[in-house]
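Please look over the sequence and the structure shown here before reading on. The report that follows treats charges over rings, aromatic pairs and a pocket in turn.

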Amino acid sequence: MKRNFDVLIVGGGPGGLSIGSLLAKEGISSAIIEKEPVLGGRYRSVNFEGSRVDNCIHLPTGLVSSAEDTYMYKFLSYMGIHVEPRVVEWKMGLTSKDNPKRINYLAMDPKKGMENFFEFFAFGSGVPMEDITRRALGEAFRIMEDMSEQECRKLVNVPFASWIEKNIEEPMAKAVLELSAPLMGAAATDVNFGQFANIFGTFPRVGALLYWYPKHGNMESMVITPLTKYYKEHGGTVLTNRRARSILIENGKAKGVFVNNNETGLLEEYSGSVVICAIPIFEAVSRNVLSSKFLTKDWAEAVKRCGKLAIEDLAGFYLLRKKVVPVEGSGWIHLFDADYGIPTYVGDVFVGSMYNAKDPPGKQTIFSYISGGTKATHFGLTSPLKMVNKAKKRWKDAVEKAFPGFVESIEHEEMSLQLNWGRYAYAVVPTEIDLQSPNIRGLYFAGDTIWSVSSMVSDKIYQMVFPLCERILKYVRS
């Protein structure tokens, strides 16, 4: 087996596979080292009651007005992968025991821009927003709208809560902004203002965040299957069932990767002048795949802070004996329950058929997604079962209020816990973790861990893949 490559990529998720495919297109020899039996990471599918479905619904998201303008779509097109996108409406749902068998809806309208937040506040609280609060929030949004991505990057060391305290005087406007911070996956004290401004400035600029999904198939069939085929056909080597033990660094240069073969139990060493860490950087450091002694002081602190925001999200899979949840609309509900005083987010509801799951005759598949970023769902990486079950019950209770008969119609259910998608990168950090090491030549980074300021979630991966490839090509060919 070949052991020498130009580039070694640790991690075969969408980040590692994307940069590997782009390098293969440029004629660079590389190998992807993946601990699982197959590539795909969080884009891998699972079999659920006869249907091949996403292991958790991840809607591609962008800070633009059309799916064709997202970095993800442009990258796939560049790689010759044809995509038929379907824009998904961001719909809020509000339920309570006082309105049995009913659910009230509010959908984000891109034409309304920041007005979406004023309407959302009234929708969730039942109290119209006063003019003085609207003006204060309008001024805040205009500040964010005028900030470039580079200007936002200079503020990754500023907590969003500190910015609010310094710049917003009107009490209700302060409260609204602080309550919106969990959308970023953590409290306002723990997320940086730079990325918050980058994302929220999108509303006055574009109108609303864009969500989309492939018209046919799922994330694995749209991204992983065709990229894997392209990668192999263009000379890429896939090394699955191999867990990276350590990235080898000598005299300030990346030299290769030390690997444990899960099938044979034997140790293997692969060499390359470039190593790309495409697994979460805090995971690489905690497992000593990347020794902390090779990090600069500010990078070490940034990795530590990002790691503290590394929590798990809960996905649920439900097969119903009959069709209970209506299929009209987008098939996605961001669900709130008013029976907690202030309406409380309890999770998302996805109608399986809207995300190309195959329903058995007369039955219905439903998926849930419960973000781990709230106080009541801070699963952590140990995910205590008591908290997981409590969150699942809250979600079920809310769905039952909206669609009576849901619980008794459940024929089969499964759960999946997985690391949240990119929100850890929004931590308040002393410096932004970049595409390449500041002190180790030939060491680069891919995936959603790095870049505190970027496009959203998976779109971020494809935003960085071209500049990452450019830097690597310059290094390899120099």
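Over the ring of which residue does the charged end of Arg3 sit? That ring belongs to Tyr270, and the charged end of Arg3 sits over it at 5.1 Å from its centre, where a charge is said to sit over a ring if NZ of Lys or CZ of Arg is within 6 Å of the ring centre and within 35 degrees of the ring normal. Lys91, in turn, lies over the face of Tyr105, 4.7 Å from the ring centre.

This is a predicted model, in which local features need pLDDT of at least 70 and side-chain atom pairs count only at pLDDT 80 or more, while totals for chains, interfaces and linings use all residues. Residues are numbered from 1 along each chain as its sequence is written, and side-chain values use heavy atoms, with hydrogens and water left out.

**Aromatic pairs**

Rings of Phe, Tyr and Trp (its six-membered ring) pair if their centres lie within 6.5 Å, and planes under 30 degrees apart count as stacked, over 60 as edge-to-face and the rest as tilted. By this rule the count comes to 29 aromatic pairs, and two of them are set out below.

| Pair | Centre to centre | Angle between planes | Type |
|---|---|---|---|
| Phe75 and Phe466 | 6.0 Å | 65° | edge-to-face |
| Phe282 and Tyr424 | 4.9 Å | 75° | edge-to-face |

The pair of Phe75 in helix H2 (residues 71-78) and Phe466 in helix H14 (residues 457-477) links parts of the chain 391 residues apart, helices being DSSP runs of H or I with at least four residues and strands runs of E with at least two, numbered from the N terminus. Buried means under 20% relative accessible area, exposed over 50%, and partly exposed in between (1.4 Å probe, protein chains only). Phe75 is therefore buried, at a relative accessible area of 0%, whereas Phe466, at 33%, counts as partly exposed. In the other pair, Phe282 is buried with a relative accessible area of 10%, and Tyr424 is buried with 0%.

**A hairpin**

Strands S11 (242-250) and S12 (residues 253-261) run antiparallel and are joined by eight bridges, two strands being paired if DSSP finds at least two bridges between them. The hairpin that they form has two residues between the strands, and Asn251 in the turn has a positive phi of about 50°. Leu248 has Gly256 in S12 as its bridge partner.
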